[in-house]
Amino acid sequence: MSGKTVVLGGSGAMTSACVYDLYRTSDFDEIVVADADEKNARRLVELIDDDRVTFEPVDATSADDIARVLDDAAYVVNGLPYQFEENVLDAIVKVGDLTGVDLNAFDFDAVLSRSDEFAEAGCSLWFANGGLVSTIALGMVGCDEFDDVEDVNFYWGMWRLLSQTTAGLTDTVTYEHDPNVDERARWEDGEVINDLPPFSQERTFEFPGPIGEQETYVISHPEPITFPKAPIAQETNVDRIITRGVWHDEWTEYERTLHAMDAFDADPIEVEGGTVDPLEVAQSQVKRAGRQRDAEWQAPEELSSETEWTPQTILSSEVTGTAAGEAGTAVYHFEQPFPFFDGNEISMMREYGCYVGVPLSVTLQLMAEGAVDKDGIFVTETSGMDADRYFEMMEARGFELTEEQTPPKQAATST
């Protein structure tokens with residue numbers, strides 16, 4: 001495993017852990033943190049203190065400048081905000097012969113439609129990467145316990161205070177609750193049923209601590225759309241797929257308040273001769289609080305001193321089906337380590353973001369060693385990834401996979 005790797009947006013809350021994991025576990029010759037935020041990028045490079053890890057400024061608004069940074073690279077990680085996706089894709093094709101992973105999970109049809117173009121340019125791109133790799137892998141190992149599957153339920157338990165956020169995460173949470181978004185969906189009997197209302201499809205689910213038992217509800221994640229493409233989902237004749245989630249009480253109260261004040265459909269209001277958007281005002285304050293908090297890099301034990309728990313995301317799957325004629329349920333939980341950055345001073349959201357950043361590193365290394373060998377643009381379900389090997393690699397990095405099983409695992413192994 002050799003070659004130059006460029007991590008676009010590499011000093012961000014989600015991608016810093018990718019850079020750190022590549023430094024700790026890969027044999028890449030050079031790891032470039034390409035970012036417009038020079039202060040944080042250089043701080044990350046100094047924390048790592050390895051000659052292989054360098055900084056390069058990049059203008060994400062310019063496909064040509066992205067191509068400049070990618071020139072002579074063999075591998076790329078895209079962690080830039082989704083609005084720069086087209087620029088990133090154009091740059092990758094222009095440079096050619098690149099292997100990469102992409103955190104973006106928006107505009108599926110538009111991105112996947114460029115797969116042939118990527119293949120012709122000698123490029124391979126693992127799209128909708130990050131935390132989604134873990135949830136899809138959880139669904140795969142769950143389905144593998146059964147001969148026939150009725151339900152695959154995915155769960156995202158996102159547990160952090162309102163002030164523990166980034167601008168991108170704030171926008172994402174609000175997008176999940178926007179009544180005008182039609183991407184909240186479930187898959188049932190071979191069809192995608194979308195346009196589900198926010199806070200609907202409630203279901204009680206028990207996460208490991210500190211989240212515990214919670215009322216979860218449908219969120220706009222792509223698993224119901226993409227998981228049917230997984231060979232194991234087709235082999236077990238999955239009937240229904242849905243993704244639910246829950247945020248900490250502070251976030252839930254905030255989002256319900258936005259609904260109660262009709263902020264999503266409110267017209268701008270006049271204030272002292274000007275106009276303001278009520279939703280943007282509320283969002284701006286949450287983002288400002290997050291920026292102020294995350295600007296301080298501290299020792300891990302000081303990052304969330306007001307709570308007795310560590311901010312984290314716990315990913316789970318709940319699969320029901322039959323094996324050898326016996327019904328059962330397999331529940332898997334996947335928890336992130338803390339601290340991830342070896343006790344170094346870091347920001348809370350960079351620690352929190354390791355559940356996204358580390359899968360980026362692991363999947364890129366799987367591609368580099370040929371364990372995943374696909375042309376063009378593809379998603380986890382069609383990558384041919386070995387889910388068991390993926391979890392072995394993640395557990396070697398401190399992540400924890402636990403299983404709750406009712407019979408029929410025994411029934412399946414006895415046939």
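These legends describe close-up views of helix packing, a pocket and cavities in a predicted model.

**View 1. Helix α11 packs against helix α12.** Helix α11 spans residues 249-260, and helix α12 spans residues 278-294. Their axes come within 11 Å and cross at roughly 165°. Angles over 145 degrees count as roughly antiparallel, so α11 is roughly antiparallel to α12. The crossing of the two helices is right-handed. From α11, the contact uses W251, Y254 and L258. These residues meet L279, A282, Q283 and V286 in α12. By class, the contact of α11 with α12 has six nonpolar residues, one polar residue and no charged residues.

**View 2. Helix α3 meets helix α4.** Helix α3 covers residues 63-70, while helix α4 covers residues 85-95. The axes lie 8 Å apart, and the packing angle is about 50°. The two helices are therefore oblique to each other. The crossing of α3 and α4 is right-handed. On the α3 side, the contact residues are A63, D64, I66, A67 and L70. On the α4 side, they are N87, V88, D90, A91, I92, K94 and V95. Sorted by class, the contact of α3 with α4 holds eight nonpolar, one polar and three charged residues.

**View 3. Helix α14 packs on α15.** Helix α14 runs over residues 354-368, and α15 over 387-395. The angle between α14 and α15 is about 125°, with their axes 11 Å apart. This pair is therefore oblique. The crossing of α14 and α15 is right-handed. Helix α14 contributes V358, P359, V362, T363 and L366 to the contact. Helix α15 contributes R389, Y390, M393 and M394. The contact of α14 with α15 counts seven nonpolar, one polar and one charged residues.

View 4. By class, the lining of the second largest pocket has seven nonpolar, three polar and five charged residues.

**View 5. The largest cavity has α7 and α9 in its lining.** A search of the whole structure finds two cavities of 30 Å³ or more. The largest cavity has a volume of about 50 Å³. Its lining residues are F108, A128, L132, I136, P222, E223, T226, V379, T380 and E381. Helices α7 and α9 (223-226) each supply at least two residues of this lining. The lining of the largest cavity comprises six nonpolar, two polar and two charged residues.

**View 6. The second largest cavity has strands β15 and β16 in its lining.** This cavity holds about 30 Å³ of space. Lining the second largest cavity are S134, T313, L315, F334, E335, Q336, Y355 and F399. Strands β15 (312-323) and β16 (326-335) are the elements that give two or more residues to this lining. By class, the lining of the second largest cavity divides into four nonpolar, three polar and one charged.

Technical notes: Residues numbered from 1 in each chain as written. Predicted model: local features only at pLDDT ≥ 70, side-chain atom pairs only at ≥ 80, totals over all residues. Heavy atoms only, no water. Axes fitted to C-alpha atoms, helices over the stretch in contact; angles between N-to-C directions. Helix = DSSP H or I, 4+ residues; strand = E, 2+ residues; numbered from the N terminus. Parallel < 35°, antiparallel > 145°, perpendicular 65-115°, else oblique. Left-handed = near helix turned anticlockwise from the far one by under 90°. Contact = heavy atoms within 4.5 Å. Nonpolar A, V, L, I, M, F, W, Y, C, P; charged D, E, K, R; others polar. 1 Å grid on protein atoms, 1.4 Å probe; cavity = no way out; pocket = protein on both sides within 12 Å on 5 of 7 lines; lining within 4 Å. Points joined across faces, edges and corners; volume = space filled by probe spheres on them.
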